[in-house]
Amino acid sequence: MSAPPAPVRPDPYALGVAGLAALLGDQPRYRAEQVHRWLVRGVDDPAEMTDLPVALRDRLRELLPPPPRVLRRTTADGGLTLKVLLECGGGEAVESVLMLYPARATGGGRATAGGPAAKPSAGRATVCVSTQAGCAMGCPFCATGQAGFRGQLSLGEVVRQVTVMQRLLAEGELDLPEAVAAQLPRHVTNVVFMGMGEPLANLDATVGAVRWLAGRDGQGSGFGLSARSVTVSTVGLVPGIRRLADLGLPITLAVSLHAPDDELRDDLVPVNRQHPLPELLDACREYRGRTGRRLTFEYVLIDGINASVDQARRLARLVRGLGAHVNLIPMNPTPAVPWRAPSGNAQHAFLDTLREAGVAATIRRNRGSDIDAACGQLYADYALASGRILPTAVGAAQRVGSAAAARPDG
Ligand code: SAH
Ligand code: SF4
């Protein structure tokens, strides 16, 4: 007779205070609150929960899964960008990035991955989280898409990417000169869902994580982020956009557009065939109406593919009237395609064309490109090392490449 399967241990982050109280059974409720406070601070090894009795710490070690390990830490931008590789369930590893903006260096009012810049004097600490190991959406320019889908992250695995960074920040473990560290906040100020994966294709974990970080409805964690400083970036999954609007939290929605028409978008963002531009823009309008939040559109600039002045004009016509902000992202090179960002002049011509047409726009500089840590650019190492290049991504890239060569404005 085979042994009974080991009981599945619950994810402490997903439990919330009520779930932890139920797990602890006979313990007074404040014990669950103590555990929860430790989790919020990034401590998930019961051995380190020093205000709990030792017997309870031991019991928690049996009840909860072993705390995942930080496998690697890498820094760039003089220590202001930090990439962490975290162990996840099922043998997967997942990357997240902390981007630090010291108070004095914040000026200029330039919008960045963390959304519109805060006041020039306020420092920021933005965490970019992944929601999936890999991604199934197959956008041909994206390293994550090229590598294919390997699994969903749980709510706890998403939240933990933030609390790990929170702990580093609060404990000052950042290898930065004193004068710089003094200009940084001690708490994470922004979270952007722009790492590996499509957040709205892992909807329950994404919605749960948003509520954990910024909720105020009893599911709230005490993590204390304002919903406005949480940005969810989506490739445009319409049902997920509607579900986010149902949450009633004014989080920022960033929609990855990348093309001014369905024909090109079908290839650059294959899910456009399921949710073409008119349907997507309707959902965006509805999101704006229901939350009162200004939308962001992301547009990766790819030389010879989507970055001509005529395409800028058409993009302006498409989004004008939506009151949105367009973030132009010069493409970072990825393994499976020969595409590159256009020249600086061409990027500015695109930007100026949008602005002249009355569309608010900025060019986003990616952080940490020297360590492959740029947000939305995670996973390139894996793609190269594992040879996991999706045939669909390669096929789409070839199609777009030849179509662009034949197009007069390409
Ligand atoms: N799946 C979501 C969120 C993760 S990607 C989405 O697609 O929106 C976050 C952002 O990084 C997206 O706007 C995506 O288009 C962009 N991105 C992906 N690959 C990139 C590359 N090679 N260079 C620049 N930006 C890229
Ligand atoms: Fe997935 Fe976003 Fe990359 Fe597209 S751009 S493959 S949706 S992670």
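I started with ligand 2, which has Cys-135, Met-137, Gly-138, Cys-139, Cys-142, Gly-145, Gly-197, Glu-198 and Val-235 around it, each with a heavy atom within 4 Å. This is a predicted model, where local features need pLDDT of at least 70, side-chain atom pairs count only at pLDDT 80 or more, and totals for chains, interfaces and linings use all residues. Residues are numbered from 1 along each chain as its sequence is written, chains are lettered from A and ligands numbered from 1 in written order, and side-chain values use heavy atoms, without hydrogens and water.

I sorted the shell of ligand 2 into 5 nonpolar, 3 polar and 1 charged, with Cys and Met counting as nonpolar and Gly as polar.

Next I looked up Ser-256, which sits in strand β9 (residues 252–256); strands are DSSP runs of E, at least two residues, and helices runs of H or I, at least four. Ser-256 counts as buried because its relative accessibility is 11%, and buried means under 20% (1.4 Å probe, protein chains only). Leaving out residues up to four places away in sequence, I found that Ser-256 touches Ser-233, Thr-234, Val-235, Arg-265 and Glu-298; contact means heavy atoms within 4.5 Å.

Then I turned to helix α12. I found Gln-347, Phe-350, Leu-351, Thr-353 and Leu-354 buried there. They cover an arc of only 160° around the axis, so they lie on the same side of α12; the arc is taken from the directions from the helix axis to the C-beta atoms. These buried residues pack against β10 (296–301), α11 (309–319), β11 (325–330) and β12 (360–363). After α12 I noted Gly-358, with a positive phi near 85°.

Terms used
Buried < 20%, exposed > 50% of the residue type's maximum accessible area, 1.4 Å probe, protein only.
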